Amino acid sequence: MSVTSGGAGVRPVRWRAGAGRVVAGTALLTAVALLPWLSRTDPALTVLRARSADQDPTPGQLAVVREQLGLDQGPFTHLAHWLGGLPRGDAGTSWVSGEPVLPQVTAAFAVSVTLMLGALVVTIAVAALVCARTLHLGTRRRLRQRQAGTGAAVLAALPKFLLASLLATVCGVWLGWFPSSGWAGPRSMVLPALALGVPSGAMIGALLDQSLPAAFNEPWARTWHAFGFSPGLTARNGLRRALAGVLPQLLPTVVALVGGAVAVEKIFNIPGLGRLALDAAVAQDLPPLQTATLVLVLLGVTAGLLIQALRRALLGPALRDGGLPALNPPALPRRRTTRWIAGFCAVALLTLVVAGLLRDPLYVDTGARLLPPSAAHPLGTDSLGRDLLARLGHGALRTAGVALVVTAVSTAIGLLLGMAAQVGAGLTEVVSTLPAVLAGLLTTALTGPSVWGAACAVCLVAWSPYAAQTAALLEQERASGHMQASILFGAGRWYLLRHHLLPAALPAVLRNALLRLPTTVLVLASLGFLGLGEQPPTPEWGRLLSENQPYVELAPWTVLAPAGALVLLSVLAVSGAASGGSGARRRTGRRGIRLSGR
């Protein structure tokens, strides 16, 4: 990896990034083409069941299907035939329905892109609300305390499918404000866009709120305030400076919703691309799955290039010429409530876990199905009469442990690939829009269904937000004046890595990882729900949400308990980082001092 850069060296080596895109896209399409042959089930059997739901097909029927689909020719012949038809606008025909694939994928893609744009509008609005206070105080030089970010953590931890169910029930069925199902016009987009955009906006807003104090701590902001420039002008330039490091998060957080909003699409009965790709993957219907994967790869690359161009336009010639000032956060004291919030969340979680461990999580009482909270069952019971407190307590260690391991591994991979930006840029763009469910199917085909197989699948895609963030922050750091001076004074690679690059990226990446911790839990649960990960009746928080989501209107307490536990976990993680992150911020803020003293 390169840690030195200056002047013309700031320019990325475009051919390396392009080669990374081609290699990553080719590898992904090849893996998808191998899926029916890698799986432990006969592709002909899977396709036949998808066509007719025949549970006991005869050997003759299977032989006919194999001959029709040419399965004996092998995966590479199919892949070459499919690729050969693309220049003619022919993406093949569906193995299940027999209809042309391209019209299906095109229609689903248009629906998903429209939904993503609606979610983007909501994301921007929520992000603006999250960072409004910091923006207002920073432009007036009144920032006195660090924000804990608990409000953003609560919103970011909300499960999208649970929020979608609540919105569909309350705003769609009870109040009748918007359609609760189908895709029939702009009004049909409102509720699913809110369900997708609110958590995404909270995450983007929290990252932007973290970056703004450093932007307002730059010399130009102090000079403008001293000369009486308007707060509005200062706010625009502060946002321009801070947005450059946050913009890459739009790719894995918002653009990825084109293929990753499967649960919300199912709840609102939206014929989107994610739903089409999942159905094709489960049925091993290769032509639509390959076409949907290719569309997602092209979308990721195109969106990545646009975001990169926008970043460079925001930073201007200073990025190219090595004249950016360092983003040094001011040494603000933490708010007194931060430690109290972290303590409350820790005590609440500990109480729930200890109380739940004293109960039997597997005891089934069909006469006590969906009971509300009571003295006998403090959190109520689920659809099988099992005590929710017991299942919540027994699932805590497994849920938090696996999610933390996945987050730690993904963060480490993201940091490493982000440091090798020229090589990893294309790979990051390709993986950012890849649904975790598809990665789970590919991984399970090799390892079989297990919790650690699902964890490996999530690690395959979950690193992309951290790699994108690391690459953006390090590009700005390499273009800073003090790093150029350090290089001129003879600083070596390891000195630059320890005293410049890691302090510039690590605090922001760790906070991003903590914000995404509940999302990791939910992704693992979705894989388990499809039979790819943790299997029932093992208690696990994400699985509790998935299993009880159909009963959210009849028995809302069945999902409120695990959702509340996820929120507590997220707030505890973010508050703990806010309480313990002052040392890292102070070390980051002294990069220039150590440099000048070298």
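A salt bridge is a side-chain nitrogen of Lys or Arg within 4 Å of a carboxyl oxygen of Asp or Glu. The legends describe a predicted model, in which local features need pLDDT of at least 70, side-chain atom pairs count only at pLDDT 80 or more, and totals for chains, interfaces and linings use all residues. Residues are numbered from 1 along each chain as its sequence is written, and side-chain values use heavy atoms, without hydrogens and water.

**View 1. Salt bridge between Arg21 and Glu429.** The structure holds nine salt bridges. In this one, the N to O distance is 2.5 Å. The pair links distant parts of the chain, 408 residues apart: Arg21 is in helix H1 (residues 14–38) and Glu429 in helix H19 (residues 421–432). Helices are DSSP runs (H or I, at least four residues), numbered from the N terminus.

**View 2. Aromatic cluster of Trp220, Trp224 and Phe229.** Two aromatic pairs are found in the whole structure. The ring centres of Trp220 and Trp224 lie 4.9 Å apart with planes at 70°, so this pair is edge-to-face. Rings of Phe, Tyr and Trp (its six-membered ring) pair if their centres lie within 6.5 Å; planes under 30 degrees apart count as stacked, over 60 as edge-to-face and the rest as tilted. Both Trp220 and Trp224 belong to helix H9 (residues 219–226), where four residues, about one turn of the helix, separate them.

**View 3. Packing of helix H5 (residues 101–139) and helix H8 (residues 187–216).** Their axes are 5 Å apart, at an angle of about 35°. Axes are lines fitted to C-alpha atoms over the stretch in contact, and angles run from 0 to 180 degrees between N-to-C directions.

Conventions. Helices (H or I, at least four residues) and strands (E, at least two) are DSSP runs, numbered from the N terminus.
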